[in-house]
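Student: I'd like to learn how to read aromatic ring pairs in a model. Can you walk me through it?

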Amino acid sequence: MTKIIKWILASTFTLASVAIVAAYWFTQQLSAFPQQQLSLDAPIEIEITRGNTAIGLVHRLQNDGLITDAWKMKYLLKLEPDWAQIKTGLFALEPGDTLADVLNRIKSGEQMVFSVTLIEGKTIKEWQALLNEQSRLTVDEDVFNKVLAKHGDTSGLPEGKFYPDTYQFHAGDSAQSVLERSYLRMQTEIDNAWQQRDPQLKLKTPYELLIMASIIEKETAQSTERDWVSAVFNNRLKKGMRLQTDPTVIYGMGDRFNGNITRKDLREYTPFNTYRINGLPPTPIAAPSRASLIAAAMPADVDYLYFVSRNDGTHVFSTNLRDHNNAVNKFQRNQ
């Protein structure tokens, strides 16, 4: 009888030892499971939608040949329950990623980030075409005016009212959310420029400042010239002279512009032909940068009334018509 009891006790101890060893081995296997590297040679994307689960995700990765032993995920979640809280969105999987990297990224909602650059000097029409090319962005019809209307602007005139910059977004975001940031940024920039305007500035409202800044943006890309260009236009307004700036003529021509301006174009009356109208055109003609807004608010203290391109991106500035005509003859008519 004593031998039987000893055998039972020994067997029980052996079974317990085996169970402990097995449990330890299994725990080690579960710990190693998320440290396996994905079988990837190049980055790929994975979309997590509503209703997806962590277990389903891991089986999906296995079906795509990226990991093995997906069955362990069910048990791993008992040790790491936070990994069950996956977020929806589009996520990147990179070569060198471990399964843990992927699970942590999706749990934290670190979605892929895309960007679109709204370039200064471009028009709403050009920006609209750019937005339409963004495959990861949802673009509603008449989206610019929808943003304006949301902020109480029912003018239907979005030109120039959105700030040019690079904006980031996630897959599936709306263009309206991007343009909302752009619109609010422009409001801030206009207000800042207007608050520091020259007391002698001929412009009467922040909107006129925006119009002037858009013209400056189109006239020169030289940072050192912006306030001189601004001075020419401000001086002309003070003297009651027409602005006579080609970019406004081009804007007024719309799709008819083929790269050249003719004498006929300069004589044609449009609301934007500043060879024919007095003062400013009715709206901006492009999206101005902060530098152009500041230049419009603070023209240089110079007496220039004219400028002409040297055809190298810079301009010759003149205080009188004789010098201006000489510069035109040298750099334009003789070309």
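Student: How many aromatic pairs does the count come to here?

Tutor: Keep in mind that this is a predicted model. The count comes to ten aromatic pairs.

Student: What describes a pair of aromatic rings?

Tutor: You look at the distance of the centres and the angle of the planes. Take W228 and Y304: their ring centres are 5.2 Å apart and the planes sit at 55 degrees, so this pair is tilted. Over 60 degrees would count as edge-to-face.

Student: Where in the chain do W228 and Y304 lie?

Tutor: W228 is in helix α9 (residues 226–239), while Y304 is in the loop between α12 (290–297) and β5 (306–309).

Student: Why is the pair of F233 and F307 edge-to-face?

Tutor: Because the planes of F233 and F307 are at 70 degrees, with the ring centres 5.7 Å apart. F233 belongs to helix α9 and F307 to strand β5, so this pair ties together parts 74 residues apart in sequence.

Student: Are F233 and F307 buried or exposed?

Tutor: F233 is buried, at 1% relative accessible area, and F307 is buried too, at 14%.

Student: Which residues do ring pairs link into a cluster?

Tutor: That cluster holds W228, F233, Y304, F307 and F317.

Student: What lies over the face of W194?

Tutor: That's R197, at 3.9 Å from the ring centre.

Definitions and conventions: Residues numbered from 1 in each chain as written. Predicted model: local features only at pLDDT ≥ 70, side-chain atom pairs only at ≥ 80, totals over all residues. Heavy atoms only, no water. Phe/Tyr/Trp six-rings, centres within 6.5 Å; stacked < 30°, edge-to-face > 60°. Helix = DSSP H or I, 4+ residues; strand = E, 2+ residues; numbered from the N terminus. Buried < 20%, exposed > 50% of the residue type's maximum accessible area, 1.4 Å probe, protein only. Lys NZ or Arg CZ within 6 Å of the ring centre and 35° of its normal.
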